[in-house]
Each structure stands twice: as C-alpha cells, then as structure tokens.
Amino acid sequence: MATRITNKKLSKSSSNWMREHIDDHYVQLAQKEGYRARAAYKLLEINDKIKLIRPGMTVVDLGSAPGSWSQVAGRLVGEKGTLIASDILPMDKLENVTFIQGDFREQAIFDEIMAQVGDSVVDVVLSDMAPNTSGAAAIDQPRMMYLCELAVEFALSVLPEGGTLVMKIFQGEGTQELRAQMQQQFSKVRSIKPAASRPRSKEMFWIAIK
C-alpha cells in the first residue's frame, strides 16, 4: 500500500514537471531560437545587465555540456575571440568553441585548457556547474558547494586583475561562508537571479571581479 502511494506521488510529480517543462516560455524560446537549453537565457540576461562578454575576449566555460552557455559566449566573443569549453561529459561541436573533454582538476586537462589560451589572458570564467540532484538538501548542497569551490579555485588561478567569474550557486548552507571568503579574494561580488531562473529555484548567480 505504502509503495503504491509513493509511486503515485512520484508519477504525479514527474507529470507536473513534464507539463511545466513543456509549457515553459524559455524552453519554447530555446527551441525556436536554436539554443541547446533554456539556461542560455540566464547568461544572455546576465551579460545584458553587466556587459560582461565582448568580441575578442578569451572565455573559459567550466562544466559546459550540453553547451548552451558556450553557444551564447561563443557568439559573443566572435571569430576574433576564444571560447574554451570543458566538461567530463561529451559535447557536440559548436562554432567558435574549442571543447576539451575531461576533468579540469587534473593537471593534464588544465594544461590543455591553458595551451588553448596561449599568449592571451582569460577575461571571463563561466561556471553553470551543478550536481545531479537527489532532492535531499543535505546531499545536494554540499555537492554544489564543492563545485563552486572548484570554480573559484580555477578562476583565481587563471584570471588577471579585472577578470570576472560568473558562477551558479544554490542558496543554502555554506553560501555565506563562501561569499565572505570570496569578498576577500575578489574586489567585488554581486548577485543576479535572472528571469529565466524558475522562481522556486534556489539557484543564484554570483559575478565576482578579481
């Protein structure tokens, strides 16, 4: 009896999610405009507000698959810019994007990314990384905080003064401590919640200028 009730609840929840996803304005817009995921509009809005990514820049996109942020950023830097995307998962080819599959924590992958940067400097580091969520905050939040810490560590190692990190964060345990730490490491940290982020979502985006 209990199992059947649980399954019904799960089925109803899945159906509600699917209905919401299909009816989602940004999902429909992404399909219409050719973006790989609705997440593209989060970066577009952030960039529109702070004029972050410009033609000719060098940008590194961490945890890039399936590629919607790389898709946006690659178009913004243009042919004269450099967009290096990296993920442990495969990602289909994109115009103006160099994709490196692997874990950027590994020295060989880090070196490969920096080899693509070459004599340029990294102007912007992007991180839309998030763990596969279980629905349990006690599990998901520490996983997310770990990914954020990795993104911060990477950004600090490659960004020059004035360079920018754009990072997704889940509001919850550990965020205040991380923010306080970053305020000591970066000259400015601000928060943006784009319209494309679902209202009930705990996600926020931090923009940190070194």
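Colleague: Which residue does D87 stand opposite in strand 3?
Modeller: Q101. Strands here are DSSP E runs of at least two residues, helices are H or I runs of at least four, and both are numbered from the N terminus. Bear in mind that this is a predicted model: local features need pLDDT of at least 70, side-chain atom pairs count only at pLDDT 80 or more, and totals for chains, interfaces and linings use all residues. Residues are numbered from 1 along each chain as its sequence is written, and side-chain values use heavy atoms, with hydrogens and water left out.

Colleague: How many bridges join strand 2 to strand 3?
Modeller: Four, and the two strands run parallel. Two strands pair if DSSP finds at least two bridges between them.

Colleague: What's the strand order in the open sheet?
Modeller: 3-2-1-4-5-7-6, seven strands with mixed pairing. The edges are strand 3 (98–101) and strand 6 (188–192), each pairing on one side only.

Colleague: Which helix packs on the sheet, touching strand 1 and strand 2?
Modeller: Helix 4, residues 68–77. Helix 4 also touches strands 4, 5 and 7. Its direction makes about 165° with that of strand 2. Axes are lines fitted to C-alpha atoms, for helices over the stretch in contact; angles run from 0 to 180 degrees between N-to-C directions. Contact means heavy atoms within 4.5 Å.

Colleague: Switching to strand 7. How many bridges join it to strand 5?
Modeller: Seven, antiparallel. I169 stands opposite M204 there. Strand 6 is joined to strand 7 by five bridges, also antiparallel, and S191 has W206 as its bridge partner.

Colleague: Why is strand 7 largely enclosed by the rest of the structure?
Modeller: Because six of its seven residues are buried. Buried means under 20% relative accessible area, exposed over 50%, partly exposed in between (1.4 Å probe, protein chains only).

Colleague: And the largest nonpolar core: which residues touch the most other members?
Modeller: V125, L165, M167 and M182, out of 33 residues. A nonpolar core is a set of buried Ala, Val, Leu, Ile, Met, Phe, Trp, Tyr and Cys residues joined through side-chain atoms within 4.5 Å. Helix 6 gives the largest share, 10 residues.

Colleague: What is M182 in contact with?
Modeller: Leaving aside neighbours within four places in sequence, V152, L165, M167, V189, W206 and A208. Another core, of 26 residues, lies apart from the largest one. Its members include Y35, A40, V124 and F205.
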